[in-house]
Amino acid sequence: MINSYGFIGLGEMGKPIATNLLKSSKKLTVYDIDDLENKAPKGSFIAKSLDQLVSVSEIIFISVPDGKASSNVINNILNSNEKLVRHIINLSTIGLQETKPLIEALNKANISYIDAPVSGGKSGAINATITIMWSGSQKLLDEIRDDLDCFSKSIFFVGKEPGQGQIMKLINNYLSAVAMSSTSEAILLGLKNNLDMETMLNVLNVSTGKNSATLDKFPNRILTESYDAAFRMSLMNKDLELYLSEAISNGMPIKIAKVVKNYFQEGEKSLPLGDFTEIYKVIKKI
């Protein structure tokens with residue numbers, strides 16, 4: 001029976017996920033490299049170092065920006081002398097190629113690795129409605145599902161091999177980026193011909209052109225000019241780079257992917273700290 005969790009990475013996604021995980025009956029110890037005292041959710045135990053967290057946590061969740069950060073965290077865990085940890089669950093999006101060496105290193109240390117990227121954005125993390133794309137031990141998933149339910153509305157077992165979750169997440173983010181790019185182009189055509197944006201969205205959302213951008217991003221983030229999906233342009237560009245890499249290595253078509261990647265590459269140059277919904281602004285200027 002699992003008695004204690006550790007959580008590493010208390011950023012825009014990590015902090016609300018950890019906060020909701022506290023609804024479980026398990027002890028939760030948290031750690032972040034920056035401003036830990038202010039980021040730590042109320043009721044959690046604060047580890048003064050990663051070594052301290054590793055020594056008291058049977059399962060460790062990781063929520064960090066990319067593969068490099070994940071690798072650094074896991075290498076530090078492996079180098080710790082007092083490890084209670086038995087399982088690592090990585091909620092981050094890092095791609096399959098970054099995942100493979102982590103699996104190999106952890107297998108040598110008899111620590112199981114779960115690849116479990118999430119989707120739903122900051123609002124989903126806050127409202128405990130994010131989606132988990134789990135690949136790895138189904139036995140562990142069944143054992144801790146009730147605790148995962150504390151921060152996720154939809155949990156999918158996508159495969160028994162860690163890395164399959166990464167492919168699923170990259171597919172999701174690619175399609176999200178395609179929807180944002182193509183909808184931006186289409187809405188701009190309508191505006192050019194004096195159509196009203198809200199009217200266009202109302203028509204699209206009861207027609208065959210509806211997608212995640214018409215249903216959420218445009219009415220709630222762009223029409224309102226809030227641009228607050230809380231997912232940075234740079235992160236979407238990173239995920240598209242990972243998607244392209246996997247598509248090329250698998251010999252898949254990439255014509256559309258290359259166009260979308262070019263849009264977000266330009267978006268990161270123009271708005272490096274911007275929200276990914278601001279790709280609309282970038283496309284509008286082209």
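**Figure 1. Y5, F7, F61 and F151 of the predicted model form one aromatic cluster.** Rings of Phe, Tyr and Trp (its six-membered ring) pair if their centres lie within 6.5 Å; planes under 30 degrees apart count as stacked, over 60 as edge-to-face and the rest as tilted. The structure holds six such aromatic pairs. In one of them, the ring centres of F7 and F61 are 6.0 Å apart and the planes are at 20 degrees, so the pair is stacked. F7 belongs to strand β1 (residues 4-8) and F61 to strand β4 (residues 59-62), 54 residues apart; helices (H or I, at least four residues) and strands (E, at least two) are DSSP runs, numbered from the N terminus. Both F7 and F61 are buried, where buried means under 20% relative accessible area, exposed over 50% and partly exposed in between (1.4 Å probe, protein chains only). The model is predicted, with pLDDT of at least 70 needed for local features and 80 or more for side-chain atom pairs, while totals for chains, interfaces and linings use all residues. Residues are numbered from 1 along each chain as its sequence is written, and side-chain values use heavy atoms, without hydrogens and water.

**Figure 2. Y174 and Y243 form a stacked aromatic pair.** The two rings are 4.1 Å apart centre to centre, with 10 degrees between the planes. Y174 is in helix α8 and Y243 in helix α11, so the pair ties together parts 69 residues apart in sequence. Y174 and Y243 are both buried.

**Figure 3. Helix α12 covers residues 255-270.** Its 16 residues should span 22 Å at 1.5 Å a residue, and the end C-alpha atoms are 23 Å apart, which agrees; the expected span is 1.5 Å times one less than the number of residues. Buried in α12 are A257, V260, K261, Y263, F264 and G267. Seen down the axis, the buried residues of α12 fall within an arc of 160 degrees, so they line one face of the helix; the arc is that of the directions from the helix axis to the C-beta atoms. K255, N262 and K269 are exposed on the other side of α12. The buried residues of α12 pack against α8 (164-192), α11 (233-249) and α13 (279-285), a contact being heavy atoms within 4.5 Å.

**Figure 4. The charged end of K27 sits over the ring of F45.** The distance to the ring centre of F45 is 4.9 Å. A charge sits over a ring if NZ of Lys or CZ of Arg is within 6 Å of the ring centre and within 35 degrees of the ring normal. K281 lies over the face of Y227, 4.3 Å from the ring centre.
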